[in-house]
Amino acid sequence: MTAPLRRGLPAIVICFLAMAVAVLAAPFVGSTPINFGRVFGASVPFADNPDAQIFFIARLPRALAAALVGGTLAAAGVVFQGLLRNPLATPYTLGVSAGASLGAMVAITFGATWAIGGVATASLAGAFFAVAIVYALATARHRGLSTTVLLLAGVTLNAFFSALILFVQYLSDFAQTFRALRWLMGDLDVASYTPILAALPLVGLSFLAFAWLARPLNLLSIGADAASTRGVHVIGAQRLAFFSASLATGAAVSVGGPIGFVGIIVPHLVRLMVGADHRLVLPASTFFGAAFLVACDAIARTVLAPVELPVGIVTAVIGGPFFLWLLITRR
Amino acid sequence: MLLSAGNLRFAYPSGRGLVVDQVSLNIAAGDIVGILGPNGSGKTTLLRLLAGALTPLDGTVALDGQEIARVPRRDLATRIAVVPQETSLAFDYTALEIVLMGRYPHLGAFEIEGPGDLSAATRAIEATGTQDLRDRGFRTLSGGEKQRVVIASALAQLDRGESASHHASGSLLLLDEPTASLDLRYQFEVASVLRRLHDSSNITIVLSTHDLRFAASLCTRIVLLSSGRILAQGTPADVLTPALVGRLFEVPPELAAPILASAHRP
């Protein structure tokens, strides 16, 4: 008898290769064709080499940002689904993105003169704010985290923050509203490596927690009591899952805006490939989520070229019908 | 005493009043103890207290004389395993994956199941007759099949890999209403699995039930629980009398008598 875990390893390798191919190939796709030989050709200095400039300054950071955001959202989705014992949960279910969006809206409307990165910082602050409120609500009456209260608090906060977002937009002028709308659609036009590097430590920290959480999440999904009598520190694991997945989501949203559907359809597809074990689902979803968002972004940049679509529209157009199909064909 | 509870009292934070009130009981190695009582008498809560899943307001639960609140979580999990009344999954794990989850307390944080864990799982699967279910999705199984797989998971959890008898007599299997949602055939199936387990490994079993026949046919000791208090405890012959059972379920003794007559093992 072989360990079931080993049967999923090929799928992880495939997902990893898909990510690698996507990140390396996507920069060659775009409204301006670039040549592989010239990008890496050493004969022309970088300053006089438009192909290399397009590749390294415009498109590679964007592909890397898509990979980072896609992988992070997919993994955070897996953790939230495991925590809430609900395969329909998304990274945004508990209000993280609503908080992040509100923060970004406030920054765009009232703090437009801030330094570069102000919107990202404000969105991260908004995310933390939302997380703190949801956590306080969920633990107000119990020592542990009640997943039911967590879910209710998150859903309510989502609705409340959406109303505040509309209010802030009502106060903003035309240009600000347009910027805000673009941000809400999800956009990976990072134009430099800085946002990626800024988000990386937060994401890295979260993934350390994810790695440790993989096995407790398996046990949590058969029930809190069952997990606790098998030796899982249930409250500790739930708390760590909630905060690490929220941190990861907040960091991802601060880079690319609230890009939808990645965090739910990727884990679904991955489970069809590798089964339910979180030790397989987490890494496979991370790699596949990265590949998926890089591909979606490549589509967003080219389908109406030279006009670029916000990537959130592409993921929604692909993800919405796909998800409905999943709902109808699977229970 | 393998497991002993002294003056346990418990109330849920949001609930009204004590769910378990002044319960003391002793469980010796090799016992099959049935906690018998009507719905809402506190059976499940008592079982959760005995497993250490709940902390009592008052009183203690001790395993081999050591208070279980002081036993490290993982160590406790290798001695006491719980089979809940129903297990519903959020995701499609296979039966084998569920059984292997029982190995959690035996593995380090990043450790992957090794040959020892797989053979523990194999032994547990054989003991519960679930070989054919191994690679099936847990959610596709029937109620009785699910119950046997979860029992296998509990056995894998208690398996300390010691020579002949892998579930040493120092282990406890706690089952909450193991037959409540099962039809007659599956009730027999689960009962025979438990009896076989007990006979082959001398594992100690504590189960809650409101099924008189099931308790009478399987248990060596019976605890009658009524509104969180112990009404009586002893051997089935001592405790399962028309008068006591009538009081327990709040029915006239003459109604309880014929059920008892058919329930006692010949």
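Helices here are DSSP runs of H or I with at least four residues, and strands are E runs of at least two, numbered from the N terminus. The model is predicted.

**Figure 1. Chain A is built from helices.** Chain A holds 14 helices and 0 strands. Its pattern along the sequence reads α-α-α-α-α-α-α-α-α-α-α-α-α-α. The radius of gyration of chain A is 20 Å, close to the 20 Å that the globule rule gives for 331 residues, so chain A is as compact as a globular protein of that length. The C-alpha trace of chain A spans about 65 × 60 × 35 Å along its principal axes. Of the 331 residues in chain A, 51% are buried. Among contacts in chain A with a separation of 6 or more, 77% come from residues 24 or more positions apart.

**Figure 2. Chain A meets chain B.** The contact involves 26 residues of chain A and 29 residues of chain B. On the chain A side, the elements giving two or more residues are helix 1 (4-7), helix 9 (194-220) and helix 10 (224-229). This side of chain A divides into 11 nonpolar, 9 polar and 6 charged residues.

**Figure 3. The largest nonpolar core, with a close-up of A:Val294.** This core has 187 residues. The residues with the most contacts inside the core are A:Val79, A:Val294, B:Val99 and B:Leu174. Helix 4 (residues 50-84) of chain A gives the most to the core, with 16 residues. Leaving aside residues up to four places away in sequence, A:Val294 touches A:Ala22, A:Val23, A:Ala26, A:Ala63, A:Ala66, A:Ala67 and A:Gly70.

Figure 4. Helix 1 of chain B covers residues 43-51. Of its 9 residues, 8 are buried, so the helix is largely enclosed by the rest of the structure. The buried residues are B:Lys43, B:Thr45, B:Leu46, B:Leu47, B:Arg48, B:Leu49, B:Leu50 and B:Ala51. B:Gly52 lies just after the helix, with a positive phi of about 85°.

**Figure 5. A hairpin in chain B.** Strand 9 (residues 221-226) and strand 10 (residues 229-234) of chain B run antiparallel and are joined by 5 bridges. B:Ser226 has B:Arg229, in strand 10, as its bridge partner. The two strands form a hairpin with 2 residues between them. In the turn, B:Ser227 takes a positive phi of about 45°. In a regular strand, side chains alternate between the two faces of the sheet.

Terms used
Residues numbered from 1 in each chain as written. Chains lettered and ligands numbered in written order. Predicted model: local features only at pLDDT ≥ 70, side-chain atom pairs only at ≥ 80, totals over all residues. Buried ≥ 20, exposed ≤ 12 C-beta atoms within 10 Å, placed from the backbone. Contact = placed C-beta atoms within 7 Å. Nonpolar A, V, L, I, M, F, W, Y, C, P; charged D, E, K, R; others polar. Rg over C-alpha atoms; globule rule 2.2 N^0.38 Å. Pairing = 2+ DSSP bridges. Core = buried A, V, L, I, M, F, W, Y, C linked by C-beta atoms within 7 Å.
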